[in-house]
Amino acid sequence: MAENEDGTEKTEDASTKKLQEAREKGNVPRSRDLSSAVLLVVAAVAMYMVGMLIVEDLMRLYAFNFAIAREDLFDIALMIHHLYVSVMAMVDSLTVFMTIVSIAGIVGSVALGGFNFSWQAVAPKLSKMNPIAGLKRMFSMQSLVELLKSILKVALVGAAATAVLMNYLPSLTGLTFETTGTALKHTLEILIWAFILVSSSLIIIAAIDVPFQAWQHKDKLKMTKQEVKDEFKQSEGDPQVKGRIRQLQRQAAMRRMMSDVPQADVIITNPTHFSVALKYDQEKGKAPIMVAKGSDFIALKIREIGNYYDIPVIQSPSLTRAVYKHTEIGEEVPEGLFKVIAQLLAYVYQLRLARTGQKPPEQMPVFDVPEEFQWNGE
């Protein structure tokens with residue numbers, strides 16, 4: 001288990017903040033064995049794909065260079081042209097091969113830990129030149145693990161190479177009886193398959209190294225209980241963090257409020273500055289509940305949602321201001337406003353009945369707000 005320099009055990013997983021700081025310093029899990037395995041295996045497969053194209057280009061190149069006339073050897077211009085033609089003869093096949101290998105090298109290096117560039121990682125550090133620290137690294141557990149991995153790699157690759165050599169030994173001895181062109185193609189085929197088989201043995205090493213590197217990276221970044229407490233206090237005390245938390249809370253509350261507007265029975269407006277959405281459950285028989293309220297832009301959004309869901313929008317400045325001032329979201333309207341709210345709901349129900357063909361109300365009643373609930377909106 002990881003420990004601090006003072007011997008305190010690190011038992012807690014790294015926080016998001018510490019993981020981000022480690023990434024900014026270039027401290028991400030990496031596996032050189034995975035990079036090597038991906039690079040060599042892909043290179044072997046790429047050689048299998050374009051190998052014969054390379055052989056054909058080589059044979060044309062050999063024929064071209066061995067057919068030089070003697071007098072051309074003394075002409076510098078012709079020899080420069082000859083060199084140019086020789087180079088261009090190999091460009092197409094080698095370009096394909098090198099492109100595939102380059103992509104494999106990049107992918108293999110970032111397959112574990114992802115792409116990450118940090119100036120802090122490349123900056124020179126005097127601590128890295130400390131001979132005592134170097135000796136500690138030489139005789140550390142990490143060095144022992146790397147030594148064991150190196151021995152395992154040599155053993156696996158050696159065993160794979162021996163098996164491949166014994167398998168292709170009869171074919172190799174028979175190359176002397178083949179023509180030059182056939183022997184060249186046959187040799188390349190043997191080399192490609194030997195390359196693939198030997199490279200594939202590195203996959204075993206990578207399969208062991210990848211989870212080990214991921215575990216080791218996670219273990220090194222573990223924190224003590226005190227470090228977790230200190231970080232929590234620091235983050236909670238940061239005004240920017242608190243402000244961000246409050247902003248997210250306001251946004252979440254706003255989304256919840258707006259999602260409740262379609263459930264309202266009526267929306268009353270100022271009509272420009274304030275909007276209030278009320279809901280009345282006839283089955284429960286309790287007082288109407290405010291499901292949303294807002295001013296200016298929020299008031300406009302409440303009205304837009306109400307119009308979209310065909311909720312009656314009633315203009316009553318004094319009643320809107322009174323409900324807005326004396327009621328919070330999720331609360332019942334004050335008892336002193338029961339009478340005027342009842343008049344409002346009765347009028348709304350008459351409007352709904354009028355949509356079914358019944359007689360509409362003659363005119364909207366005057367909502368007389370008690371003097372103690374009146375508010376001018378300031």
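1. The count of salt bridges comes to four. The model is a predicted one, and the points below should be read with that in mind.

2. One of these salt bridges joins K153 and D33, with 2.9 Å between the closest N and O atoms. K153 belongs to helix α7 (residues 141-173) and D33 to helix α2 (residues 32-66), so that distant parts of the chain, 120 residues apart, are linked. D33 is buried at a relative accessible area of 8%, whereas K153 is partly exposed at 27%.

3. D265 and R352 also meet through their side chains in a salt bridge, at 3.7 Å from N to O. D265 sits in the loop between α10 (239-260) and β1, and R352 in helix α13, 87 residues apart. The relative accessible area of D265 is 12%, which is buried; R352, at 33%, counts as partly exposed.

4. A further salt bridge is formed by the side chains of K293 and E328 (3.5 Å, N to O). This pair links strand β3 (residues 289-295), which holds K293, to the loop between α12 and α13, which holds E328; the two are 35 residues apart. K293 is buried, with a relative accessible area of 13%, and E328 is partly exposed, with 41%.

5. Y324 is itself buried, at 18% relative accessible area.

6. The structure holds five aromatic pairs. In one of them, F212 and W215, the ring centres are 6.2 Å apart and the planes lie at 35°, so the pair is tilted. Both residues are in helix α8 (residues 180-220), three residues apart, or about one turn of the helix. F212 is partly exposed, at 23%.

7. The rings of Y324 and W375 have centres 6.2 Å apart and planes at 0°, so this pair is stacked. Y324 is in helix α12 and W375 in the segment after α13, so the pair ties together parts 51 residues apart in sequence. W375 counts as buried at 19% relative accessibility, because the limit is under 20%. Ring pairs join F274, Y324 and W375 into a cluster.

8. The largest nonpolar core has 23 residues, of which I268, L278, L319, V323, I341 and L344 touch the most other members. At least two residues each come from β1 (266-269), β2 (274-279), α12 (317-326) and α13 (338-355), and α13 gives the largest share, six residues. Another core, of 14 residues, lies apart from this one and includes A43, A44, L61 and V101.

Note on methods. Residues numbered from 1 in each chain as written. Predicted model: local features only at pLDDT ≥ 70, side-chain atom pairs only at ≥ 80, totals over all residues. Heavy atoms only, no water. Core = buried A, V, L, I, M, F, W, Y, C linked by side-chain atoms within 4.5 Å. Buried < 20%, exposed > 50% of the residue type's maximum accessible area, 1.4 Å probe, protein only. Helix = DSSP H or I, 4+ residues; strand = E, 2+ residues; numbered from the N terminus. Phe/Tyr/Trp six-rings, centres within 6.5 Å; stacked < 30°, edge-to-face > 60°.
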